[in-house]
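Here is a model to work through by question and answer. Please keep the sequence and the structure in view.

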Amino acid sequence: MLIRHKPEIRSSEITPEHNYLNRRGFISSAALAGTSLLFATSCSGADNKNSAPTGNHTNLDVNSLEDITRYNNFYEFGLNKEDPEKFSGAFNASPWSVTIDGEAEITGTFNFEDIIGPHSIEERIYRLRCVEAWSMVVPWNGIPLGKLLQRFKPTSKAKFVSFETVYRPEEMPGQRAKVLDFPYREGLTIDEAMHPLTLLATGLYGADLPNQNGAPLRLIVPWKYGFKGIKSIVRISFTETRPYTTWSDAIPTEYGFYANVNPAVDHPRWSQARERRIGSGLFAEKQPTLMFNGYADEVASLYAGLDLTRYF
Amino acid sequence: MITPLTTERYGKPAVFIACSVPLIWLILKIFAVGPLQLGPNPIESIQDTLGIWGLRMLCATLAVTPLSWVAGPLLIRFRRMLGLFAFTYCGLHFLNYLILDQTFDFAAIIEDVIKRPFITIGFLGLLSMAPLAITSTGNWRRKLGRSWNRLHRLVYLTGILASWHFYWQVKKDLTEPLVYCSIIAVLLGMRIARTYRRR
């Protein structure tokens, strides 16, 4: 017997985080204005708490902070979904620096504060679709990657942007296991990197990124599978040729460089037509996966004329 | 003193309880008893738990005969119960896929079975256990006589299919499935070695 049960109160609505969507109302109220400044300080230097909402995200049902921080693929901390939360305690995301190199006029190694400082932190609520056919909706804080990259004046030779995760096997037990060719690397075409939806996230739910979510700086490309969203970034390089990308170079038959969310192109071992929405409970059906994860209007033009079955 | 009587009276209930513990634990997690929880993806958690215990029970079942060569024939008395537990865990693993994961979407299930080899292999593995579970009673055993033994050699195939199913399902780190593949290989290899030595 199947009990088709749609809970009247969704789990996301009974979490305290729901209130967070209205918190600006509280914060801006005169009574709290003074005290909020006390809490607005952030150890990382990114003011995630006072980020301004941008983009249209009114009708998405946001996952709880608990779901987002306890169900992670971050192989640097272990292979199981709960491992990153369990084993990332020893990781130290502050101080942090990022090296910018390659085909740009301004290159060098910069403190996290100098990289992020000139930008105002925005709030973006995005769908996240994992290549493993599960999904979440996450309220990120961060800056559009394109705005940041422009500051370093990429040259005409910059056709791609590549990213590298920190390599600290002493703090990241998963790196000692050598399951992947660490350090993790990812890449985008320059057009993808400059797209206004592409976010360099510094926070989650108005607070600094937790270690298991890629502290202190990670990539979010909402129309691509989650593995493109490289975490704990220490290097950003402008390159003329397509860079090495960890998953697609490890198993090219299963993971592509583009990795655009596409319900019509299955993974060789499972269907990508539907997805399991995390937090929907035991009796929810899988939901249909949307082309480009629902961002087709914004990004489909990037791939005009490209055979998406071949270049998956 | 281990006798047929103590085996029946104490041994079997003890093994029955031990084999039920993972299932009871899972049910407690489903109902979130105390601190027990299935986590953010409960359906996946149920699926993985039932699958891995089905495989473990299958390994235990296949281990009984080689162990009895050293530890004595009384051990054989546990084999049917272990086999039925393996079938129960694997069957529930399939039912969870059918009901909670796919919500009876037969079009998607048929596509899965045809297009995705690891699901095909798993499904065949389950099918191979069904006749063994049905003919596990004393009546069937008497009725089938010598062919009962031959039929029940099908469990060797089940072992291969189940560990293969696990191997193909994993995304990158193959350590755990390889452990189970090795266990199955050793258990089957021991039988082959014994057959050849006897000739």
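**A helix residue, cysteines and a sheet**

Reader: Which helix of chain B holds B:His93?

Author: This is a predicted model, where local features need pLDDT of at least 70, side-chain atom pairs count only at pLDDT 80 or more, and totals for chains, interfaces and linings use all residues. Residues are numbered from 1 along each chain as written, chains are lettered from A and ligands numbered from 1 in written order, and side-chain values use heavy atoms without hydrogens or water. Helices (H or I, at least four residues) and strands (E, at least two) are DSSP runs numbered from the N terminus. B:His93 lies within residues 79-101 of chain B, which is helix H3.

Reader: Is B:His93 buried or exposed?

Author: Buried means under 20% relative accessible area, exposed over 50%, partly exposed in between (1.4 Å probe, protein chains only). B:His93 has 17%, so it is buried.

Reader: What does B:His93 touch, not counting residues up to four places away in sequence?

Author: Contact means heavy atoms within 4.5 Å. By that rule B:His93 touches B:Gln47, B:Leu50, B:Gly51 and B:His165.

Reader: How many disulfides are there over all chains?

Author: A disulfide is a pair of cysteine sulfur atoms within 2.5 Å. A:Cys130 is buried at 7% relative accessible area, and B:Cys19 is buried at 6%. The disulfide count over all chains is zero.

Reader: What is the strand order of the open sheet in chain A?

Author: Two strands pair if DSSP finds at least two bridges between them. E2 (residues 97-102) and E11 (residues 233-239) of chain A pair in the parallel sense over four bridges. The open sheet has five strands with mixed pairing, in the order E3-E2-E11-E6-E7.
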